[in-house]
Amino acid sequence: MLDRDEDILKAAESWAEVDKGVALATVIETWGSAPRPAGSNLVVNEDGTFLGSVSGGCVEGAVVTEALDVISSGAPRMLEFGVADETAWTVGLSCGGRIRVFVEKVV
Amino acid sequence: MKLATLSAINTERAARRPVIVVTDIGNGEQRLVRAADIARDPLHIELERHLRMGKSSVIEVEGRELFLNVYAPTAKLVIIGAVHISQALAPLARSLGYDVTVVDPRSAFASPERFPDVRLIAEWPDVALPPLNIDHYTAFVAVTHDPKIDDPALLHALERDCFYIGALGSRNTHGQRAVRLRAEGVSEASIERIHAPIGLEIGAISPSEIAVAIMAEITAQLRLPKASTA
């Protein structure tokens with residue numbers, strides 16, 4: 001449960017300490033029946049290794065791709081996923097919910 | 001996020017101290033607020049509310065969108081007494097996200113067959129409790145009905161800052177317990193902290209219903225603003 005989130009952030013810290021590029025993705029808002037609550041984290045390193053979850057699996061692939069961009073550019077990014085938009089039909093949230101995910105680099 | 005912020009989150013969490021990260025979504029600016037600093041923070045009303053609810057969310061302040069990410073410790077529930085009520089209470093508490101420990105020196109009661117998948121300590125409270133590091137994010141219930149076990153356990157809990165202390169027994173039983181605790185030097189204010197009879201009044205009869213009443217009372221203590229939980 002929550003302990004697992006702690007392990008996720010510890011992993012992010014240990015990656016950053018050995019100068020690996022790391023991005024932190026955080027669910028900041030949810031509408032409808034989103035699977036993971038606001039505050040849920042997913043961490044990604046420059047190798048594409050990731051831990052944690054922002055949606056229980058539905059959009060993780062897309063978030064990881066965006067996170068890799070954030071690691072190289074350094075600029076934070078806001079992502080939105082939901083059944084209402086184009087992207088969502090490809091990666092979408094089957095539950096019908098909508099989520100907003102903030103992706104930032106650990107510097 | 002600065003690595004220093006990430007490290008501070010991990011340090012606070014390891015110490016079971018809550019922390020809130022405030023992110024300005026517009027410009028990515030971020031600051032970390034430790035629990036001890038909330039009261040003097042300009043956003044203290046919102047921070048306190050979010051911490052109490054254990055809920056992260058976006059708020060709007062002076063036209064800016066701020067994301068308050070609450071990192072609260074996992075609440076613990078320590079149950080004194082591996083009795084019938086505890087068999088219903090332990091799984092219910094786990095389903096509510098509590099980290100549950102059951103303590104009972106009587107090994108016939110504290111058996112893994114009766115408590116599958118629950119941390120069990122078959123020791124007296126004076127041995128079992130100190131290593132548990134009972135802190136503010138701990139709810140503590142004594143349900144053995146046996147003063148030899150419940151009383152020393154309650155004495156230990158009352159020395160700690162746990163957010164909830166409850167003890168099984170009727171008003172009469174609790175009256176007798178209060179007399180014994182006073183004789184041990186416990187203050188009236190401390191005795192007042194004990195919820196007894198335990199649980200919200202919902203007419204609970206069966207062990208499972210009593211477990212619901214107990215968890216309802218614990219939830220109210222955890223989530224409601226302090227003024228209305230008296």
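A salt bridge here is a side-chain nitrogen of Lys or Arg within 4 Å of a carboxyl oxygen of Asp or Glu. Keep that in mind as you look at chain B of this predicted model, where R16(B) forms a salt bridge with D135(B). The closest N and O atoms of R16(B) and D135(B) are 2.7 Å apart.

| Domain 1 of chain B with domain 2 of chain B | Value |
|---|---|
| Area buried | about 600 Å² |
| Salt bridges | 1 salt bridge |
| Polar contacts | 4 residue pairs |

Carbon and sulfur atoms give 41% of that buried area. On the domain 1 side of chain B, R16(B), R52(B) and M53(B) lose the most area to domain 2, together 84% of what that side buries. In terms of contacts, 6 residues of domain 1 of chain B meet 8 residues of domain 2 of chain B. By class, the domain 1 side that touches domain 2 of chain B has 3 nonpolar, 1 polar and 2 charged residues.

**A glycine in chain A**

Now over to chain A, where G74(A) sits in the loop between helix 2 (60-73) and strand 4 (77-82). G74(A) is partly exposed, because its relative accessible area is 34%. Setting aside neighbours within four places in sequence, G74(A) is in contact with D69(A) and K105(A). G74(A) and K105(A) are 31 residues apart in sequence, yet 5.8 Å apart in space, C-alpha to C-alpha.

Methods:
Residues numbered from 1 in each chain as written. Chains lettered and ligands numbered in written order. Predicted model: local features only at pLDDT ≥ 70, side-chain atom pairs only at ≥ 80, totals over all residues. Heavy atoms only, no water. Contact = heavy atoms within 4.5 Å. Buried area = accessible area lost by both parts, 1.4 Å probe. Polar contact = N/O pair within 3.5 Å; in protein donor to acceptor, adjacent residues only side chain to side chain. Nonpolar A, V, L, I, M, F, W, Y, C, P; charged D, E, K, R; others polar. Helix = DSSP H or I, 4+ residues; strand = E, 2+ residues; numbered from the N terminus. Buried < 20%, exposed > 50% of the residue type's maximum accessible area, 1.4 Å probe, protein only.
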